[in-house]
Amino acid sequence: MKIQTSNIANLPSKHGKFKIKAYKQGNQEHLAIMSEDFNELKSPYVRIHSECLTGDTLGSLKCDCQSQLDLALKFISEHGGLIIYHRQEGRNIGLLNKVNAYALQDKGRDTIQANLELGFKEDERDYSVVEFIFKDLGIESIKLITNNPKKIEYVESLGIEISQRIPAITKSNRYNENYLNTKKEYFGHFL
Ligand SMILES: Nc1nc2c(ncn2[C@@H]2O[C@H](COP(=O)(O)OP(=O)(O)OP(=O)(O)O)[C@@H](O)[C@H]2O)c(=O)[nH]1
Ligand SMILES: [Zn+2]
């Protein structure tokens with residue numbers, strides 16, 4: 001599918017000064033958020049952050065997304081790097097379906113059971129735009145900020161070197177304990 005790109009713009013933020021570039025693939029619009037020194041970095045820190053409106057924007061305690069995003073923004077503003085804000089809400093089932101999954105979780109299902117009951121796979125994410133962004137920004141080697149072994153496998157399958165993995169571990173709370181346990185037990189996240 002054809003991917004449209006924007007020009008690069010400045011984004012001063014409370015986390016530091018960034019450069020941003022948008023990518024449009026079908027009806028999904030993604031963002032590359034870069035530190036100002038990004039072009040000088042040989043193996044930049046990179047986070048591929050999956051959109052979570054309830055966490056990233058509303059501060060939901062059901063997941064660890066906002067804390068991970070804050071951690072990544074702080075990290076790249078201090079050490080240089082890139083966040084790909086990958087707009088595949090709810091592991092790409094979309095917001096409406098994620099809220100339905102949350103309603104099933106209110107009745108006792110875990111994250112996986114809820115997805116399956118709604119007719120989706122455990123994880124519907126597709127990373128093709130990430131490959132495009134890596135090529136577009138001339139990235140060959142990265143230090144990846146993640147706990148997800150699938151993301152590591154995917155990046156390596158593109159022939160991109162991961163010179164280091166940085167854990168994205170944040171504090172748990174009583175609302176996200178089950179969610180984190182499911183990630184660890186089922187998806188093999190390094191938690
Ligand atoms: N379907 C579904 N998606 C969820 C749920 N909770 C969070 N998400 C989505 O999960 C995505 C984040 O995935 P995670 O598994 O937390 O983390 P990850 O991106 O796989 O791995 P890290 O790089 O280690 O953070 C975001 O798109 C969230 O919207 C849920 O209960 N159901
Ligand atoms: Zn979340």
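In which helix is the place of glycine 90? Glycine 90 sits in helix α3, where helices (H or I, at least four residues) and strands (E, at least two) are DSSP runs numbered from the N terminus. Before we follow that helix further, a word on the ground rules. This is a predicted model, in which local features need pLDDT of at least 70 and side-chain atom pairs count only at pLDDT 80 or more, while totals for chains, interfaces and linings use all residues. Residues are numbered from 1 along each chain as its sequence is written, and chains are lettered from A and ligands numbered from 1 in the order in which they are written.

Let us start with the overall layout. The protein chain divides into domain 1 (3-88 + 126-184) and domain 2 (97-124), with bounds that come from an automatic or database domain assignment. Taken over C-alpha atoms, the centres of the two domains are 24 Å apart. Ligand 1 has a shell that draws at least three residues from each of domain 1 and domain 2.

Now to that shell. There are 22 residues around ligand 1, and Ser50, Cys52, Thr146, Asn147 and Asn148 come nearest; a residue is near a molecule if its C-beta atom, placed from the backbone, lies within 6 Å of it. By class, the shell has 6 nonpolar, 10 polar and 6 charged residues. Here Ala, Val, Leu, Ile, Met, Phe, Trp, Tyr, Cys and Pro count as nonpolar, Asp, Glu, Lys and Arg as charged, and the others, Gly among them, as polar. At least two shell residues come from each of α2 (65-79), α3 (89-92), α4 (95-106) and α5 (111-117), and the largest share, 3 residues, is supplied by α3.

That brings us back to helix α3. Glycine 90 is buried because 24 other C-beta atoms lie within 10 Å; the cut-offs are 20 or more for buried, 12 or fewer for exposed, and partly exposed in between, with C-beta atoms placed from the backbone. Arginine 91, also in helix α3, is buried with 21 such atoms within 10 Å. Leaving aside neighbours within four places in sequence, glycine 90 is in contact with Leu95, Asn97, Lys98 and Ala101, a contact being two C-beta atoms, placed from the backbone, within 7 Å. Under that sequence exclusion, arginine 91 touches Ser50, Asp123, Glu124 and Arg125.

Why does aspartate 123 count as partly exposed? The reason is its 18 C-beta neighbours inside 10 Å. Arginine 125 is partly exposed, with 18 other C-beta atoms within 10 Å. Not counting residues up to four places away in sequence, arginine 125 touches Ser50, Gln88, Arg91 and Asn92.

Finally, consider α6. Its buried residues include Val129, Val130, Ile133 and Phe134. They cover an arc of only 145° around the axis, so they lie on the same side of α6; the arc is that of the directions from the helix axis to the C-beta atoms. The face turned away from this buried side carries the exposed residues Ser128 and Lys135. Cover for the buried residues includes β1 (3-5), β3 (16-25), β4 (28-35), β5 (45-50) and β6 (81-86). Just after α6, glycine 138 takes a positive phi of about 65°.
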